[in-house]
Amino acid sequence: MSLYRNAVWFLKGLQEYTKSGYEAAAKHFASSDLEVNLSGRSFVITGANSGIGKSTAKEIARRGGTVHLVCRNKGRAEEARKDIVEQSENENVHVHVVDMSSPRQVWEFASAFSQSHSVHVLINNAGCMVNQRELTDEGLEKNFATNTLGTFILTTALIPALKKSQDPRVVTVSSGGMLVQKLDVEDLQFEKGSFDGTMAYAQNKRQQVVMTEQWAAQHKEIHFSSMHPGWADTPAVQASMPEFHAKMKNKLRTEAQGADTVVWLAVSDAAVRQPSGLFFQGQQTRSVALLALSEKAHELIPPSVHMICMFKPGPFRELGSLSGQ
């Protein structure tokens, strides 16, 4: 990332991604967009035990939706479920324990879930920023395994179930940090050069935006979107970016403010009137370019599909065709 690109992005962030940026954008929100009854609709939310994921789950449960919390830690997930049920007075909140960095676990969950549940909306919220290069038990770089591959596998595996539902949607929580990264399909697992966790995360978030665009082109029956929640004060930010959090904490958005556009994309009629595949911030579409981008976006899905073929069980072997392979 060049110093110039970094400076342009940070100035943009101070204006748009902070609490004051949210307050400026919120002046144009239509509160009626979120006055919906979600009874009978099923929502799968990854990384839902805290932060933006939990806040999203709470707002959906308050509107009567059935919520499936997909979390790595069972204890924290059960605590989150209890809190969501108490605040929403909605008992239809369920916990599923899945490590999104494990392709095998994601495939197995998707297979079992598809057989026993319907899904109307998938919200890809789970993510991580590991600042030292770390491999999973399956030999994958952890940021890529969680943020990109886990998201790709879960979405791909649930597409058949989504297509059986009315008004199906997939919302992926990306980040404005992706604007500092051109897409790089040559080093998906960051094996070349020195490792920078922040830039790995930003590259993963760029990959999520590209995948969203490609899914939208391939699966017209489903409304796909990606979004930036702004700079929000969440446990993940505190843990992975302590210096940034310490300097910016008085300017950061609340978790609810960070989740606002996620909820809007997941439940409002206004959201699906927008074309599928776009990137959103503050309930509005935004450009995915800060300065200039790579033209290799079409090259991302093929290596991802090739990689997951090593992990998917028999029932999903035909899914390569769903991704254009």
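Predicted model: local features only at pLDDT ≥ 70, side-chain atom pairs only at ≥ 80, totals over all residues.
Figure 1. Because Trp-231 lies in the loop between strand S6 (223-227) and helix H8 (235-240), while Phe-244 belongs to helix H9 (residues 242-248), the pair ties together parts that are 13 residues apart in sequence. Trp-231 is buried, with a relative accessible area of 7%, and Phe-244 also counts as buried, at 18% relative accessibility. Together with Trp-9, Phe-10 and Tyr-17, these two residues form one aromatic cluster.

**Figure 2. The largest nonpolar core and the surroundings of Met-100**. The largest nonpolar core has 33 residues, and those with the most contacts inside it are Met-100, Leu-154, Leu-158 and Phe-224. Helix H5 (103-116), helix H6 (142-163) and helix H7 (197-218) each supply at least two residues of this core, and H6 gives the most, with 11 residues. When residues up to four places away in sequence are not counted, Met-100 touches Thr-46, Val-70, Val-106, Ala-126, Ala-145, Thr-146, Gly-150, Thr-151 and Leu-154. Apart from this core lies another, of 32 residues, among them Ile-84, Val-93, Val-263 and Ala-270. In soluble globular proteins, nonpolar side chains tend to be buried together.

**Figure 3. Strand S4 and the strands that pair with it**. Strand S4 (residues 121-124) is covered on both faces, with Val-121 and Ile-123 buried on one side and Leu-122 and Asn-124 buried on the other. Strand S1 (residues 42-46) pairs with S4 in the parallel sense over three bridges, and Phe-43 stands opposite Val-121 in S4. S4 and S5 also run parallel, joined by four bridges, and the bridge partner of Asn-124 in S5 is Thr-172. With H6 included, S4, H6 and S5 make a right-handed β-α-β unit.

Figure 4. Most residues other than glycine have a negative phi. Glu-89 is exposed, with a relative accessible area of 75%. At 29% relative accessibility, Asp-167 counts as partly exposed.

**Figure 5. The chain as the setting for the close-up views.** The secondary structure of the chain comes to 12 helices and eight strands. Of the 325 residues in the chain, 57% are buried. Among the contacts in the chain with a separation of 6 or more, 76% are between residues 24 or more positions apart. The accessible surface of the chain comes to about 14,000 Å², and 48% of this surface belongs to carbon and sulfur atoms.

Conventions. Residues numbered from 1 in each chain as written. Heavy atoms only, no water. Core = buried A, V, L, I, M, F, W, Y, C linked by side-chain atoms within 4.5 Å. Buried < 20%, exposed > 50% of the residue type's maximum accessible area, 1.4 Å probe, protein only. Contact = heavy atoms within 4.5 Å. Pairing = 2+ DSSP bridges. Right-handed = clockwise from strand over helix to strand, strands pointing away. Areas by Shrake-Rupley, 256 points an atom, 1.4 Å probe, with all protein chains shown as cover. Phe/Tyr/Trp six-rings, centres within 6.5 Å; stacked < 30°, edge-to-face > 60°.
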